[in-house]
Amino acid sequence: MMVVFFDPGQMTARLTLEDQLAEPDGQGGATLAWTEIAALWAKVEPVSSLVVDRAGGEIGTITHRIWVAFRSDITAGRRFRKGARLFAVKLVGDPDETGRYLTCLCEENAP
């Protein structure tokens, strides 16, 4: 496996890693809430965009590749937050299997 060269100085975006927790609502259901797990530095790269018509309106989705230092608690189903922007984590991988960095394929839904 070839080692990927990545300049950690490119990690200039401050993101918050969040996980969704279900809290019982007392009636047999649950209220879903997002809670902060960690704050971290990242490099955010736009990859692609797609606009589709749904129910008479346009919905845009932007795909990003987000580079972060390796963490074992970053998994699909969690999300990153940067201010009001939300990035849903879809795929997580170690680009060169050295345990130094992770690349996360994320989707940001545009209003």
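A nonpolar core is a set of buried Ala, Val, Leu, Ile, Met, Phe, Trp, Tyr and Cys residues joined through side-chain atoms within 4.5 Å, where buried means under 20% relative accessible area, exposed over 50% and partly exposed in between (1.4 Å probe, protein chains only). The model is predicted: local features need pLDDT of at least 70 and side-chain atom pairs pLDDT 80 or more, whereas totals for chains, interfaces and linings use all residues. Residues are numbered from 1 along each chain as its sequence is written, and side-chain values use heavy atoms, without hydrogens and water.

**View 1. The largest nonpolar core has 14 residues.** Leu-40, Ile-66, Val-68, Ile-74 and Phe-80 touch the most other members. Strands (DSSP runs of E, at least two residues, numbered from the N terminus) β1 (13-24), β2 (30-54), β3 (57-69), β5 and β6 (101-110) each supply at least two residues of this core.

**View 2. Surroundings of Ile-74.** Apart from neighbours within four places in sequence, Ile-74 is in contact (heavy atoms within 4.5 Å) with Leu-17, Leu-40, Val-68, Phe-80, Val-92, Leu-102 and Cys-104.

**View 3. Ala-55 in the loop between β2 and β3.** Ala-55 is not a glycine, yet has a positive phi of about 55 degrees. Most residues other than glycine have a negative phi. Ala-55 is exposed, at 89% relative accessibility.

**View 4. Glu-97 in the loop between β5 and β6.** Phi of Glu-97 is also positive, near 55 degrees. Glu-97 counts as exposed, with 63% relative accessibility.

**View 5. Leu-91 in strand β5 (residues 85-93).** Leu-91 is exposed, with a relative accessible area of 53%.

Key
Helices (H or I, at least four residues) and strands (E, at least two) are DSSP runs, numbered from the N terminus.
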